[in-house]
Amino acid sequence: MNSKLNQDELLSLFLDNEMDHNQLNKFLEELKTNSTLKEKYKTYVEIDNAVNSLSQMNQRKRSNIFHILKYRAQKHSKIVSALAATIILSIGIVSTNIIEFKSNNYLIADAVSSVEAQTQFELVNDELIQHVIYLTMSDLAMKNDLVNPNWLPVGFVRNPKKLNEFTNGDKAFAVHIEKNYINLDQPKYWVNDDDVIYLHPLKDGRLVSIVGNIRPDLANKVLISLDK
Amino acid sequence: MKTSVDEALVHQIKDGDEDAFELMVIKYRPRILASLLRYTSSRELSEDLTQQTFLRVWEKIDTFKGNSTLFTWIYSISINLARNYYVSSQGKKTSLTDSNENLENEVIDLKNPENQLLNNELLLKVNSCLKSMPIDLRTAYSLRVEEQMPYEEISKIMNVPIGTVRSRIFRAREILTKEIEGIL
């Protein structure tokens with residue numbers, strides 16, 4: 001079967017330990033002297049390592065998240081606590097009171113039925129969930145935050161300890177902006193009681209995330225202001 | 001019967017084959033460097049320790065008996081070298097993690113996998129490419145590379161012939177190679 005394979009295909013077999021003794025020794029000799037093949041070998045090794053790194057990052061993120069959420073829920077505000085509950089439930093995809101919507105504009109739709117919500121929620125991709133989890137790690141997220149430090153929503157004050165968090169005493173929310181590395185092309189949001197996680201791609205390739213207990217109309221204003 | 005690439009490489013390296021040694025370095029250097037980066041939080045030191053590690057591997061290859069995997073053996077050498085470095089540097093009261101601002105920034109990055117993801121162009125490209133790859137290719141490739149499954153096992157899981165598994169994994173690698181052209 002393998003006799004008709006080209007050098008690159010053989011290289012793939014070599015990397016995967018799928019060669020027999022004779023084939024392996026013959027290929028090793030070729031690999032030692034063929035500089036083009038050696039370069040390809042380096043590339044394949046780098047790619048395999050990158051994939052493994054990504055896999056490990058995702059595993060770490062998943063294993064750490066429950067600890068982080070617990071810690072933050074104990075340590076910080078009502079928002080974080082509510083958010084923690086939201087995320088934990090959303091990972092399990094079991095709750096009918098957590099609703100994901102799709103919208104083609106800033107307007108946030110009314111709640112849909114629980115059956116539809118359940119169906120919608122199953123469509124949420126893994127990457128999106130990871131991004132929302134990432135948002136809860138706001139200490140980390142802050143380091144990549146592109147929120148203009150001079151930007152301040154009307155009627156709100158900035159949390160001096162967390163510069164991307166805003167409150168007016170009654171309502172509080174956090175804004176996070178970064179490159180749209182998850183390639184979200186439509187706004188999405190989750191609602192859990194009074195709390196909302198709202199993700200919106202901007203025209204310039206950035207992604208705005210808002211988490212907190214703000215009303216949809218205020219979330220709209222925030223997004224319009226940021227998208228200017 | 002299949003033969004392990006590492007077994008073949010070790011056998012040849014023990015015979016003094018420098019080309020075989022180079023192939024082994026290409027295979028394991030990135031992983032050793034990444035491990036040391038996590039351990040030391042310093043790129044310069046990690047590069048240095050990686051070099052020392054493979055020098056030690058070349059010198060000590062005759063003592064490798066195959067009781068562990070080759071990577072585990074190399075890894076233990078690298079960690080011992082790192083530990084020795086820190087023991088000896090404690091007396092000099094040097095701290096590599098707070099010596100300057102750039103290094104400090106690097107430390108922050110290294111301790112934060114998400115920052116690594118955001119800042120590493122290779123990882124970004126690979127991640128994006130994997131997401132858009134046909135599911136059959138991605139599954140076969142992931143089972144092999146992330147789960148370390150042999151082709152035979154993958155063929156059972158995916159219910160396809162081994163030749164199809166081989167082809168899918170190769171095609172996945174080719175797609176990824178094309179995607180990262182110009183980065184490496």
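**View 1. Chain A as a whole, with eight helices and seven strands.** Helices (H or I, at least four residues) and strands (E, at least two) are DSSP runs, numbered from the N terminus. This is a predicted model, in which local features need pLDDT of at least 70 and side-chain atom pairs count only at pLDDT 80 or more, while totals for chains, interfaces and linings use all residues. Residues are numbered from 1 along each chain as its sequence is written, chains are lettered from A and ligands numbered from 1 in the order in which they are written, and side-chain values use heavy atoms, with hydrogens and water left out. Of the 228 residues in chain A, 53% are buried (under 20% relative accessible area, with exposed over 50% and partly exposed in between; 1.4 Å probe, protein chains only).

**View 2. Confidence along chain A.** The mean pLDDT (the predictor's confidence in each residue, from 0 to 100) is 66 for chain A, and 55% of the residues score at least 70.

**View 3. Helix H1 (residues 5-14) of chain B, mostly covered.** Seven of the ten residues in this helix are buried, among them B:Val5, B:Leu9 and B:Ile13. Look at the N-terminal end for the cap: a side-chain oxygen of B:Ser4 lies 3.1 Å from the backbone nitrogen of B:Asp6. After the helix comes B:Gly16, with a positive phi near 85°.

**View 4. Helix H2 (residues 21-33) of chain A meeting H1(B).** The two axes come within 11 Å and cross at roughly 65° (lines fitted to C-alpha atoms over the stretch in contact, with angles from 0 to 180 degrees between N-to-C directions). A:Leu24, A:Asn25, A:Leu28, A:Glu29 and A:Lys32 meet B:Val5, B:Ala8, B:Leu9 and B:Gln12.

**View 5. A:Asn180, in the loop between strands S4 (172-179) and S5 (188-192) of chain A.** A:Asn180 counts as buried because its relative accessibility is 13%. Beyond its neighbours within four places in sequence, A:Asn180 touches A:Pro201, A:Gly205, A:Arg206 and A:Leu207.

Terms used
Polar contact = N/O pair within 3.5 Å; in protein donor to acceptor, adjacent residues only side chain to side chain. Contact = heavy atoms within 4.5 Å.
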